[in-house]
Amino acid sequence: SAKDAGRGCFQFYSNEMNAKALQRLRMENELRKAIENQELRVLYQPKVDVEKREFIGVEALVRWENPERGMVSPAEFIPLAEESGLIIDIDHWVLKTACAQAVEWQQTLGIEIPVAVNVSALNFKQDDLVEQIQKALSMTGLPPSQLELEMTESVVMRDVEENTVRLNKLKAMGASISVDDFGTGYSSLSYLKRLPIDQVKIDRSFVRDIEESAEDRAIVNAIIAMATSLKLDVLAEGVETDEQTRLLKQAGCQRLQGFLYARPMPAEEAAALLKAGFNKLEAATATTPSEV
Ligand code: C2E
Ligand code: MG
Ligand code: MG
Ligand code: MG
C-alpha cells in the first residue's frame, strides 16, 4: 500500500519535501475533480487585424476557479496537468466548451468567428486526437473551418516526419493550424515550409522588448518576413502598446493579440465586444491610458 511504501521511503525525505509532495498530490486530486465540480472556466481573448480593422478570432484560455485557491492561472496547473495526464480531459473539455460557445454566438448573435484552442504536447500525441476533435465538432455543430488549433513550436517541431502526418489529418478535417510561442524553439526554419501549417504566432517575449531591443526587433522582423514569403499568416501575441503595434505593422504584421486590444474575458463580455465591432474597440483603447 501507499502507506507501506511511504514508511519505507520516509527516511530519505526531509519534512519540507514531504510537504511539497503532499501539496502537489492534494492539488492533483483537486484538479482531478475540477471538471466534475464545474470549476473550470474558459476565457476568450479576441485577436484583431489592424489593417482590415476587424476581429479575426478568439483564443480560448482555461482558468481554474477553485473554492479555496481562487482563480488559478494555467501557468500554475498546466505543468501538473501535463505530468498527471489530466491535461487530456481538460483540453477536451475546453475544446467542447469553446466549440459550443462559437456555435451559440453564431446562432444567437449572428457572429461568425473562428475559435482557437490550445492543444497540449500530450494531447497532440494521442492516437485518437483527430477522432476527439471530430467528435467535438459534430457534437456542437461547429464547422471545422471555424476551429483553429494552437500547438507550441517545441511540440510541432519535434518528430517532424510523424507530426506532418498528424497535422495533415487535422488539416484534412478542415481545421487550421497555428504554431504557438514561435521563435522560442530554436527550430530549423526550413521545417516550416514542410509542415502543413497556416499561421505562426510570434511569442510574447519578443514582442515585449521590441521597442528597446534591436535584437528582438531583428528576430521579429525576420519571422514576419519569412512567414510572409512562405505565405503563412503571422500574428504577434502580447501586444500591449501603440509603439509595439506601429513597429509590428511596419514590419508587415497586421494580426495582433494582446492586452492593448483585449484581455482574456468571459464569454458574455467577449460577445459584447465582438458585437460592438472593431471601431468601438479602437475608440475605447484611444481614451484609456495604456498601462505601463
Ligand atoms: P498561450 O497559448 O501562448 O496564450 C497566451 C497567454 O498570454 C495567455 O496567458 C494570455 O492571457 C497571455 N496574454 C495575452 N495577451 C497578453 C499581453 O498583452 N500581455 C501579457 N503579459 N500577457 C498576455 P494564460 O491565459 O495565462 O495562458 C498561459 C498558457 O497556458 C497559454 O499560453 C497556453 O500555453 C496555456 N493554456 C491556456 N489555456 C490552455 C488550455 O485550455 N489547454 C492547454 N493545453 N494549454 C492552455
Ligand atoms: Mg495559445
Ligand atoms: Mg501563444
Ligand atoms: Mg505564449
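Biologist: Happy to start with the ions. Which residues coordinate the magnesium ion (ligand 4)?

Modeller: Bear in mind that this is a predicted model, where local features need pLDDT of at least 70, side-chain atom pairs count only at pLDDT 80 or more, and totals for chains, interfaces and linings use all residues. Residues are numbered from 1 along each chain as written, chains are lettered from A and ligands numbered from 1 in written order, and side-chain values use heavy atoms, with hydrogens and water left out. Donors are N, O and S atoms within 2.8 Å of the metal (3.2 Å for Na, K and Ca), and sites may look incomplete because water is not among the atoms. At 2.2 to 2.4 Å, the magnesium ion (ligand 4) is coordinated by Asp181 (OD) and Glu237 (OE).

Biologist: How many residues apart in sequence are the parts that Asp181 and Glu237 tie together?

Modeller: Strands (E, at least two residues) and helices (H or I, at least four) are DSSP runs numbered from the N terminus. Asp181 lies in strand β6 and Glu237 in strand β8, so the parts tied together are separated in sequence by 56 residues.

Biologist: Is Glu237 buried or exposed?

Modeller: Buried means under 20% relative accessible area, exposed over 50%, and partly exposed in between (1.4 Å probe, protein chains only). Asp181 has a relative accessible area of 25% and is partly exposed. With 12% relative accessibility, Glu237 counts as buried.

Biologist: Which residue bridges the magnesium ion (ligand 4) and the magnesium ion (ligand 3)?

Modeller: The magnesium ion (ligand 3) is coordinated at 1.9 to 2.0 Å by Asp180 (OD) and Glu237 (OE). The two ions, ligand 4 and ligand 3, lie 3.0 Å apart, and the bridging residue is Glu237.

Biologist: On to the helices. At what angle do helix α10 and helix α11 pack?

Modeller: Axes are lines fitted to C-alpha atoms, for helices over the stretch in contact, and angles run from 0 to 180 degrees between N-to-C directions. Helix α10 (residues 214–229) and helix α11 (residues 242–251) have axes 9 Å apart, at an angle of about 40 degrees.

Biologist: Which residues in α11 meet α10?

Modeller: Contact means heavy atoms within 4.5 Å. From α10 come Arg217, Val220, Asn221 and Ile224, and they meet, in α11, Leu247, Leu248 and Ala251.

Biologist: What is the orientation of α4 and α12 to each other?

Modeller: Helix α4 (residues 87–109) and helix α12 (residues 267–276) have axes that come within 12 Å and cross at roughly 50 degrees. Angles under 35 degrees count as roughly parallel, over 145 as roughly antiparallel, 65 to 115 as roughly perpendicular and the rest as oblique. The orientation of α4 and α12 is therefore oblique.

Biologist: Last one: which residues in α4 meet α12?

Modeller: The partners in α12 are Ala267, Ala270, Ala271, Leu274 and Lys275. Those in α4 are Gln101, Trp105 and Leu109.
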